[in-house]
Amino acid sequence: MSHHKVPLETFPETFGSTTELSSVALGGKVVKVSDEFFAAAYHLLLVEPAPSLKGQFGPNGALYSGWESRRHNPAHDWCIIKLGTTGTLVGFDIDTTHFNGNEAPAVSVEALLSSELDERDLTSAQWTEILPRVALGPSSRHLFKIAETTPLNYVRLNMYPDGGIARFRVYGHVAPIQPADDTEAFDLAHVFAGGRVVFTSDQHFGVGSNLILPGRGKDMGDGWETKRSRQKSHKDWVIIKLGAPGKLEIAEIDTAHFKGNFPESCELHALSTASDVPESDSVAWVPILSRVKLGPHRRHFFQLNAFPDDVFTHVKVTIYPDGGIKRVRIIGTRGAATTASPDAVACKFMHVLPLTPEAFSPFGQVIQAYGDHASAPPGTKITPANGGTASKFHKLALPRACYPEGMNATSGLSIYRCNPVTIVDGHVNLAVLERHPYTNQAFIPMGGGGFSEDEAIREPGNTYLVVVAHTGPDDKPDLSTLRAFIASSAQGIMYNTAVWHQPMTVLDKPMDFTCVETQIGSGEKADCEILDLDSVIKLQLPCVGSDKVHLLD
């Protein structure tokens with residue numbers, strides 16, 4: 001196996017577009033080790049750089065953030081690591097930081113592809129050497145490039161004869177995990193699907209490649225965070241190469257743990273190119289999500305603006321002016337490029353997304369409380385109430401009316417008792433929209449409560465649909481602006497004046513709503529226009545309980 005040592009300063013161009021397959025963030029783990037008397041081998045795979053523990057001692061001696069074995073091994077020590085996912089390997093970062101005088105003098109690396117259920121039996125497996133024995137030095141990083149291997153999922157790090165290593169990072173390219181069916185939606189940007197972050201404008205506090213990792217992470221350290229900007233109109237951006245060219249449908253922007261340093265807003269662009277790293281300012285970038293505000297410490301879901309037949313290879317996420325994002329999900333299907341027609345039907349099929357204040361803001365307001373007050377939209381006034389037993393979220397929505405003179409209008413509370421609609425093959429049909437030209441209108445579920453928007457998707461109980469659209473130039477619903485949301489019984493909504501919306505649509509079981517509205521006259525149809533759509537639109541409800549890499553990862 002050919003190999004060569006790589007200068008540390010060339011790391012970005014050598015390994016910058018690869019994936020750290022061994023990282024604990026991807027699920028990498030130590031399955032067996034010959035000896036870890038002084039320091040446990042799991043430290044090898046940690047995301048953060050090794051800190052100094054100088055002057056700290058445990059029962060067996062000085063403490064180190066790394067793997068350290070006993071002295072005087074007559075042969076050599078070894079550590080078997082299962083990679084977070086199967087992939088081809090191209091190199092290593094073998095780091096002896098803070099090990100000075102007790103570092104491992106030399107190492108080699110072996111690998112294999114195994115489906116053995118009992119990982120403990122791998123010591124007797126047929127290992128292949130992919131990095132021959134190389135020398136290490138004290139308290140420094142050692143980068144080695146190798147010829148790209150076949151797909152592998154285990155490595156064995158051998159150190160001669162014993163000693164300490166702080167971190168061991170295995171770089172390569174993921175063997176993508178994607179649905180066999182080209183019509184099945186999945187997260188095209190996910191690292192396990194083959195997505196890669198290929199460019200980042202700034203990653204001062206957290207690296208861009210964190211954006212496509214599994215799960216929602218544990219703190220701000222495993223997201224992407226840029227430095228504070230001091231210039232007017234500043235922006236930062238990251239470019240993601242998708243795991244496969246795809247038709248893009250939904251974006252999820254997660255700001256988990258970023259409570260005071262989330263971006264004020266973001267926008268998304270996409271393009272199709274054979275280039276691995278496209279130019280950031282290329283005129284080929286197509287807007288797929290107009291600039292939208294973001295909130296703290298929560299998931300945001302957005303329908304993307306793309307013609308059904310548009311196929312893209314890269315997505316650029318731009319944040320204003322700076323800040324941190326935990327994860328980016330780009331949901332879509334694989335597809336071959338075709339020419340999109342500007343006269344294409346705007347919508348015959350629509351995904352239903354969790355209701356969030358930011359995505360709903362062009363159409364109205366979401367009325368809900370927040371268990372973590374830091375998750376509330378910026379500017380929300382929250383005060384203690386009821387002698388400290390409650391929190392009051394002030395004026396989340398304001399009733400408004402603007403009706404012609406001479407009309408007898410009164411405001412009041414009404415009750416709607418709604419029975420669930422029929423769900424067929426995970427779809428609800430949308431055939432009618434209505435609007436109220438003179439007033440806004442609020443609906444507050446009665447009973448239940450306690451669900452967050454995430455819980456409403458994962459644990460359905462009392463949920464309902466909220467479907468909205470703006471008015472087009474012909475004074476009818478502009479179906480290109482149609483958006484569909486699923487709301488929990490802990491979320492109320494207020495429609496802005498004259499916003500087209502689906503009549504109240506309950507999914508699970510009967511639900512009562514308090515309606516806050518201004519009625520003209522005795523409640524006749526003077527302020528209610530009802531329109532039958534030319535064709536039925538199928539609303540695709542979110543999947544529940546799936547373990548696939550998709551919207552609910």
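Here are some notes on this predicted model, taken point by point.

1. Where the largest pocket sits. Residues from domain 1 (3-174) and domain 2 (186-344) both go into the lining of the largest pocket, so the pocket lies between these two domains. Its volume comes out at about 1100 Å³.

2. What lines it. The lining of the largest pocket runs to 40 residues, and Phe11, Glu20, Gln203, Val207 and Ser209 are the ones nearest the centre. The elements giving two or more residues to this lining are α1 (11-15), β2 (19-20), β7 (77-95), β13 (167-174) and β15 (196-200). β15 supplies the largest share, with five residues. Sorted by class, the lining has 19 nonpolar, 13 polar and eight charged residues.

3. An open sheet. Have a look at the five strands in the order β25-β33-β30-β36-β28, which make an open sheet with antiparallel pairing. β25 (364-367) and β28 (409-418) are at the edges with a single partner strand each, so one side of each has no neighbour in the sheet. Going from one strand to the next, the twist averages 20 degrees.

4. Strand β30 (residues 441-446) is paired with strand β33 (residues 492-495) in the antiparallel sense, over three bridges. For a landmark when you zoom in, find Ala442, which stands opposite Met494 in β33. As a reminder, strands of a sheet pair through backbone hydrogen bonds, either parallel or antiparallel.

5. Salt bridges. With a side-chain nitrogen of Lys or Arg within 4 Å of a carboxyl oxygen of Asp or Glu as the criterion, the count comes to 20 salt bridges. One of them joins the side chains of Asp35 and Arg70, at 2.2 Å from N to O. This pair links distant parts of the chain, 35 residues apart. Asp35 belongs to the loop between β3 (29-33) and β4 (57-58), while Arg70 belongs to the loop between β6 (67-68) and β7. β7 has come up already, as one of the elements giving two or more residues to the lining of the largest pocket.

Terms used
Residues are numbered from 1 along each chain as its sequence is written. This is a predicted model: local features need pLDDT of at least 70, side-chain atom pairs count only at pLDDT 80 or more; totals for chains, interfaces and linings use all residues. Side-chain values use heavy atoms; hydrogens and water are left out. Two strands pair if DSSP finds at least two bridges between them. Helices (H or I, at least four residues) and strands (E, at least two) are DSSP runs, numbered from the N terminus. Axes are lines fitted to C-alpha atoms, for helices over the stretch in contact, and angles run from 0 to 180 degrees between N-to-C directions. On a 1 Å grid over the protein atoms alone, a cavity is a set of points where a 1.4 Å probe fits but cannot get out, and a pocket is an open set with protein on both sides within 12 Å along at least five of seven lines; lining residues have an atom within 4 Å of a point. Grid points are joined across faces, edges and corners, and a volume is the space filled by probe spheres set on the points. Ala, Val, Leu, Ile, Met, Phe, Trp, Tyr, Cys and Pro count as nonpolar, Asp, Glu, Lys and Arg as charged, and the others, Gly among them, as polar. Domain bounds come from an automatic or database domain assignment.
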